[in-house]
Amino acid sequence: MLKRKAFAGVFVIFLSVLVMVGCSSDEEANSSSGGDKTIEFMHLWPEGSSAQHNKIVSDIIKDFESEHDGVTIDLEVLSNEQYKDKLKVLSTSNELPDVGMTWAAGFLEPYVDGEMFTPLDDLLEGDLNDSFVSGTAEAYEIDGSTYGLPLELNIATVFYNKAIFDQYGLEAPATYEELQQVVKTLNENDVAPIALGNKDRWTGSLWYMYLADRIGGAEVLTNAINRSGSFEDPALVEAADKVQELVDMDSFVKGFNGLSDEEAKSMFMNEQAAMYLIATWDLPNYTTNEDVPQEFRDSVGYFPFPTVEGEGDMNSFVGGPGVGLFVAEDSEVKEEAKEFASFFVQEWGEKSVTEAGVIPATKVDAGSLDLPDMYVDVLDDLNEATNITLFADVQMSADVAQVHLDMIQSLFGTEISPEDFAKEHEEALSAE
Amino acid sequence: MNKVMSNKWIIALYVLPALLLIAVLIFIPLILTGYYGLMDWNGIATMEFIGLENYINAIQDAKFWESALHSFLLALFSTLSLLVYLAISLILASKIKGSDLLRKIYLIPMLLSSVAIAQLWIKVFNPSNGMLNSILMALGVDNPPAWLAEPSIVLYAIFIPILWQYAGFYILIYYAALKNIPEPLVEAARIDGATPLQIAYKIKLPLIMSVFKVTIVLAIVGSLKYFDLIYVMTGGGPNGASEVMASYMYKLAFSSNEFGYGSAIGFLLLIITLIVTVIVRKATATKEEIQY
């Protein structure tokens, strides 16, 4: 009797194993047989934090599915950091989604080396010929092939609260000296001058990059990174010195090294700080986003980063393409996936302008659309830009980027001298 | 039933599912981690065998040892805080008013997820709007520190929520152990004229010593591999001032694209934790267990 019970137990286990195995092979059979095709797509705009982006993506997917019979899009959404981790784990086990999002240059490189992404040159020469702003698709180019279709284009500018500036009779600064004066006046009146969330580190890097650009010109930082120059260039050391000058005069909010960018942003948006250097992906918050009070949106202006000691070109920007689309090399539905990526980019180009208020990497016909003033101004600046320097941590390979970001935090925390700051970079870069 | 259990094949069969699960989820990844540590690998492209180079580099890596020091500091503080939890449990277990309610209150942090706790304490520690600094300023402190931004403070600032988070867990364990002490023993001591302090010290403590030892091991091992709050609250910053071994490993593997090196650090973390566990077990071992 007991033996029979034991046998029954074992039998149940085997049965359940059989059922599980049966289920999994069933699924595979479904996806490969029949005319139906499924494109797996992963993106990083969850509904909670990027409602408008999320909605546009859903609309695009719906449009694509209705135009293409028998093709379904299998969607997975993760937030930024989780997205990066998951992409990495999936690539290790060779299970990348058919279409997904990637960043340019340094982030892209290991995936291209590992032959995970497929070249998209045929799309660029075909459907998407001449539709990108120059310099954006190029950032996704490695060894002559392009591996990503850029979606966004961003430049960093200083947003400021006009109401606070008016209250203390201040003007948007055009030079570093004027900026110092503004900081001084605000500090005297107990207003935190600049919101900075340097826990995220790339935020501080923006300040450093701009100072380097103004002092040493557009090429000096890029050259140091691509090794045609040195990081111990006097201009790069002086830029670091200027950062500490700003820190010493309490330009940034208290405890900035422990604040995230989100926290800094909320200080700016709650009118607790007067200025905030961020890229134009934040534009909707100051133009069209209905969740932000109209009064605040009206009071926000922006100015390009000031010149330093009369030097520097205010039409030179720090920025670059944000995320772009890749198509996996091992995709079983590569043709459909490419078609979807191309379709996505084109629809995104139209919808992102009108519905999300961000700047796409595709060319925008500003004249025919009704756009917020600030948006048009930024577009004009972009058209007149003499140079856009790609974010330093994107330009660098991943481990040098980590050194750079850690050093930025030390520099802002005045734990390291400008000379040592440059030296650490030089060592990390030459060790490559 | 005895007949079934005497059949070795049946025993093996029953043990098998659990064994398979543990092997697949724990032991195989463990061995693989050690193996990846021998590779030069960015986690994406093909790997290249480089022998023990990663391990040698890790042993010479000042940043790794700094993060190890932070982990050991956390272990030290968690162990010391056990004494506080023990004191609280002793009080709770003696029949005082509201002990039931208090016990539940102490347990609340355990019910929250680590990320929620981290978000909560980020707000508490906020340098200009945070609760802590608002109170300090109301008390007349002119320039309260920016808790999560100062390299010399940040580590200790994060220890507070970590210790707070686990307080309920240890209090619960001690409370259960104390409740298990037979009442006649305490009664007899009281009749003999022992003071409450003496009862706690001479009767209760020795009787729950085995539980206390287990919690020491738990606290130390838990601290050495601690990750969550640090990752969310500071990401190990500013510039490594609050980095612990696990967050350093994560950073190398996932941010610096040094999967091989990160794996090596992960494996060293395992070895260090193993060694410490053995030492602690040896140090707290006694020849005879007290029986009641």
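Helices are taken here as DSSP runs of H or I with at least four residues, numbered from the N terminus. In this predicted model, helix α2 of chain B spans residues 8–36 and contains V24(B). V24(B) also belongs to a nonpolar surface patch, together with L21(B), I22(B), L25(B), I26(B), F27(B), I28(B), L32(B), Y35(B) and M47(B). The accessible area of the patch amounts to about 940 Å² in total.

The contact between the two chains draws on 38 residues of chain B and 32 residues of chain A. About 2900 Å² is buried between chain B and chain A, and carbon and sulfur atoms contribute 57% of this area. Of the area that chain B buries against chain A, 21% is supplied by I44(B), N239(B) and F254(B), a share exceeding that of any other three residues.

Polar interactions also span the interface. Eleven residue pairs, both members at pLDDT 80 or more, are in polar contact between chain B and chain A. On the side of chain B that touches chain A, α2, α12 (228–233) and α13 (245–255) of chain B each supply at least two residues. The largest share, five residues, comes from α13(B). By class, this side of chain B comprises 23 nonpolar, twelve polar and three charged residues.

Side chains of opposite charge can pair when their charged atoms come close. Two salt bridges are found across the interface of chain B and chain A. K251(B) forms a salt bridge with D406(A), with a separation of 3.8 Å between the closest N and O atoms.

Over all chains, the salt bridges number 21. Within chain A, E336(A) is paired with K37(A) in a salt bridge whose closest N and O atoms are 3.1 Å apart. Because E336(A) lies in helix α14 (residues 334–356) and K37(A) in strand β1 (residues 37–43) of chain A, this pair ties together parts that are 299 residues apart in sequence.

Conventions:
Residues are numbered from 1 along each chain as its sequence is written. Chains are lettered from A and ligands numbered from 1 in the order in which they are written. This is a predicted model: local features need pLDDT of at least 70, side-chain atom pairs count only at pLDDT 80 or more; totals for chains, interfaces and linings use all residues. Side-chain values use heavy atoms; hydrogens and water are left out. Patches are made of residues with over 30% relative accessible area and no salt bridge: like charges are joined within 9 Å, nonpolar side chains (Val, Leu, Ile, Met, Phe, Trp, Tyr) within 5 Å. Accessible areas come from the Shrake-Rupley method with a 1.4 Å probe; for residues, only the protein chains shown count as cover. A salt bridge is a side-chain nitrogen of Lys or Arg within 4 Å of a carboxyl oxygen of Asp or Glu. Contact means heavy atoms within 4.5 Å. Buried area is the accessible area (1.4 Å probe) that two parts lose on being put together, summed over both. A polar contact is a pair of N or O atoms within 3.5 Å; within protein, one must be able to donate a hydrogen and the other to accept it, and residues adjacent in sequence count only if both atoms are side-chain atoms. Ala, Val, Leu, Ile, Met, Phe, Trp, Tyr, Cys and Pro count as nonpolar, Asp, Glu, Lys and Arg as charged, and the others, Gly among them, as polar.
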